[in-house]
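Okay, thanks everyone for coming. Let me put the structure up, and then I'll walk you through a few spots in it.

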Number of protein chains: 2
Amino acid sequence: MINVGVFGYGTVGSGVVEVLTENASLIERKVGDKVNVKWILDLRDFPGDKHEKKITHDVKDILNDPEVKVICETMGGTGAAFEFTKEALKKGISVCTSNKELVASHGPELLRLAKENNCSYKFEASVGGGIPIIRPLQDCVTADEIEAVIGIVNGTTNYMLTKMTNEAAEFDAVLKEAQKNGFAEANPDADIKGYDACRKIAILSSLVYGKTVNYEDIHTEGITNISARDIKYAKALGLKIKLLAKYEKLDTGAYALVAPHLVPVSNPLYHVNEVFNAILVRGNMLGDAMFYGRGAGKLPTASAVCSDVVELAKNVGKNLHCDWVDEPVKLDGLKNSKKAFFIRVGAELKKEAKENFKVVKEVHLNYYDEYAFVTDVMTEEEFEAATAKVGKLINYIRIEK
Amino acid sequence: MINVGVFGYGTVGSGVVEVLTENASLIERKVGDKVNVKWILDLRDFPGDKHEKKITHDVKDILNDPEVKVICETMGGTGAAFEFTKEALKKGISVCTSNKELVASHGPELLRLAKENNCSYKFEASVGGGIPIIRPLQDCVTADEIEAVIGIVNGTTNYMLTKMTNEAAEFDAVLKEAQKNGFAEANPDADIKGYDACRKIAILSSLVYGKTVNYEDIHTEGITNISARDIKYAKALGLKIKLLAKYEKLDTGAYALVAPHLVPVSNPLYHVNEVFNAILVRGNMLGDAMFYGRGAGKLPTASAVCSDVVELAKNVGKNLHCDWVDEPVKLDGLKNSKKAFFIRVGAELKKEAKENFKVVKEVHLNYYDEYAFVTDVMTEEEFEAATAKVGKLINYIRIEK
């Protein structure tokens, strides 16, 4: 029997317990041994919960139990989660997690600690919720040079953009509704400002490189500037606005970026709507492959955590290698990366806009107070320079191919 | 250095050599050792080819070379490919393949042989071309009960149906054009009659079960009955016709099926067009995840074969377990599976149709010689019985949710 401890009995943690319990016989077949939830760590009590007796408030109960071989860290954050994970790994207990903040901040350090102690650290659920993406990147697309990883990796913003598109609604109204329906947090900054997506693309690009891409170095724009007018322009262009988390390797250098993009119907990400997530992986031989599914939610995320549990339970006492070393890598290719931009300026700046940008298409929607257009393909650096000359844009959105 | 032999220097085989050569340094990093193509088996000579000197016509040159640790079987068919694979495995040489016929016919036997000889048999490229699907099913979605696997797994038919949809063209015209463009074979039966998709869903459902689903037991309908009129009706219903290869586990029993289906816009398979493939995997916890990409083609397929080479090269002398034993399993749940049908009958049979089917929607397109309608959800058995009473349908298409 493989005994498991669960750190944090919140949404994901209770989902993990549910999956391990409900699918116990199937998981036993996969592992070749019973997997048993022995302990649940939480500050709260859960009177009446059917796993009530497994709850402890003291992490030592779990860490000092020699029967515990695997821990699911579903606490979140980089405080206690970090300390407890380190202590577990030091004792040779494998840990799997859904905690993207912790993986993005301390992933390689924890991977090294796991290796030193003949155990493993796994984080399939940290990106894309239930969608298998960490394992496919590490173990499936192994014969290809990865040229790009482009994801819709935040369900809240994708839900909001889908609503804005379908209902021609304004950002604030949709945010309020999303909060009411539980699709957005009371403090929505991590989602709408792109921070969550930023951590996820930091993890994915680190895995592509095998070195650490610091999430703080990633240029990150959220969707807070996207208005109902932008959506109307997007429709007029036959495009959809999506918050993309991108990693791309160009001859001029690699970069990572989180920003809203206009996506054409020919791109499979165009069709990823509502709370769904998808990650497109471009290999130099494979071409584009896309991984699609539920990027959040209790059971899908728990499913991914438990797929790690299965692998860890099959490999107790062994280190599962992860090709990500604790060495920083700077991705400074953004300024030289080329793309077209959709731009809106005040009507009074039309002349300056036409002088400084190569306008390939004007978009007329009877908003006489502004001038909207699509530029030719240009570098980010050229875009910055032209923008400075024009003075002030109402908004701009990058166009994805 | 890990030496590799390639059996068959056709489209996929030459792609494998190209991937292993072009991406050599990346593959070396992944494997931790150089991977070298030492031999290529083909009946033909390739004068002027840069790998000309590696060509042999005699399989013994390869099988008797103790330096060869991995073989890529990209010959196809179940004759020589089967014999050579068995001989290789008996000598402890691991084999990976893109050969779906061989895997569907003899997969578990070859897996057993590999196990007995401390080597491995891998077949990522046998389904979905470049799309990672075998590994995700085996190693990623491991904590879920798989409730369904629904794929567009044949690029030729998807290309043809896309063309018919976009251009309102007839089947024969599109087939001719596909043959001219190299998207369909001179003898297109394997594709258009669904045989290719049948082998692929046999492999996927065997992996779900861990036992052998015989492809000959799978009810298989191709797309040869799909006409321009069907496409027009589909459009009127807001649906798209897709050739789906399905495995589904119901309370009333599991089944596998290959048949054209009407797919709604809310299903992500609706958006899979042209030669692209996608496989939707439904887990009881995960919900729907979809794997999308190029289901065929030289380099995408070779990319998948080479991902197997990477894994085999890292595990020389070891058996990589595959949960598929040589034991037959009968999936007889089709007759009790429920769905709605779209049905067309001659106008003279309208009364009989309305008497025997529960019509929930009529579709009127000014074809006065026929009567077209959508049924309520019914079992396949009920459908058969009602059809027998009506006498003759012009066509029928199952409706997917």
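So, in this predicted model, start with strand β4 of chain B, residues 68–73, and strand β5 of chain B, residues 94–97: they pair in the parallel sense over 4 bridges. If you zoom in, C72(B) stands opposite C96(B) in β5(B). Those two strands belong to an open sheet of 6 strands in chain B, with the order β3-β2-β1-β4-β5-β6 and parallel pairing. At the edges you find β3 (55–56) and β6 (121–122) of chain B, and each has a single partner strand, so one side of each is left without a neighbour in the sheet.

Which residues does V309(B) touch, not counting residues up to four places away in sequence? From chain B, the list is V4(B), L20(B), V35(B), V70(B), C72(B) and C96(B), and A143(A) is on it too. In the largest nonpolar core, which has 268 residues, V309(B) is one of those that touch the most other members, along with I201(A), V309(A) and I201(B). As general background, nonpolar side chains in soluble globular proteins tend to be buried together.

Now the contact between the chains. Chain A gives 38 residues and chain B gives 38 residues. On the chain B side, α2 (24–31), α6 (134–140), β12 (287–294) and α12 (298–314) each supply at least two residues. By class, that side has 22 nonpolar, 9 polar and 7 charged residues.

Staying in chain B for a moment, T11(B) lies in helix α1, residues 11–22. T11(B) has 17 other C-beta atoms within 10 Å, so it comes out as partly exposed.

Over to chain A and helix α5, residues 100–116. With 17 residues at 1.5 Å a residue, α5(A) should span 24 Å, and its end C-alpha atoms are 22 Å apart, which agrees. Where does the kink of about 80° lie in α5(A)? You'll find it at H106(A), shortly before the proline P108(A). H106(A) is buried, and so are others in the helix, including L102(A), V103(A), L110(A) and L111(A). The buried residues of α5(A) pack against α4 (80–90), β5 (94–97), β6 (121–122) and α10 (195–209) of chain A. In the loop between α5 and β6 of chain A sits N118(A), with a positive phi near 55° in a residue other than glycine. N118(A) counts as partly exposed because it has 13 C-beta neighbours inside 10 Å.

Last stop, helix α7 of chain A. Its 13 residues, 155–167, should span 18 Å at 1.5 Å a residue, and the end C-alpha atoms are 18 Å apart, which agrees. Among its buried residues are Y159(A), M160(A) and L161(A). The buried residues of α7(A) pack against several elements of chain A, including β7 (146–152), α8 (171–180) and β9 (239–250). Just after the helix, A168(A) takes a positive phi of about 50°. And is A168(A) buried or exposed? With 12 C-beta neighbours inside 10 Å, A168(A) counts as exposed.

How values were computed
Residues are numbered from 1 along each chain as its sequence is written. Chains are lettered from A and ligands numbered from 1 in the order in which they are written. This is a predicted model: local features need pLDDT of at least 70, side-chain atom pairs count only at pLDDT 80 or more; totals for chains, interfaces and linings use all residues. The expected span of a helix is 1.5 Å times one less than its number of residues. A residue is buried if 20 or more other C-beta atoms lie within 10 Å of its own, exposed if 12 or fewer, and partly exposed in between; C-beta atoms are placed from the backbone. Two residues are in contact if their C-beta atoms, placed from the backbone, lie within 7 Å. Ala, Val, Leu, Ile, Met, Phe, Trp, Tyr, Cys and Pro count as nonpolar, Asp, Glu, Lys and Arg as charged, and the others, Gly among them, as polar. The bend at a residue is the angle between axes fitted to the seven residues ending there and the seven starting there. Two strands pair if DSSP finds at least two bridges between them. A nonpolar core is a set of buried Ala, Val, Leu, Ile, Met, Phe, Trp, Tyr and Cys residues joined through C-beta atoms within 7 Å.
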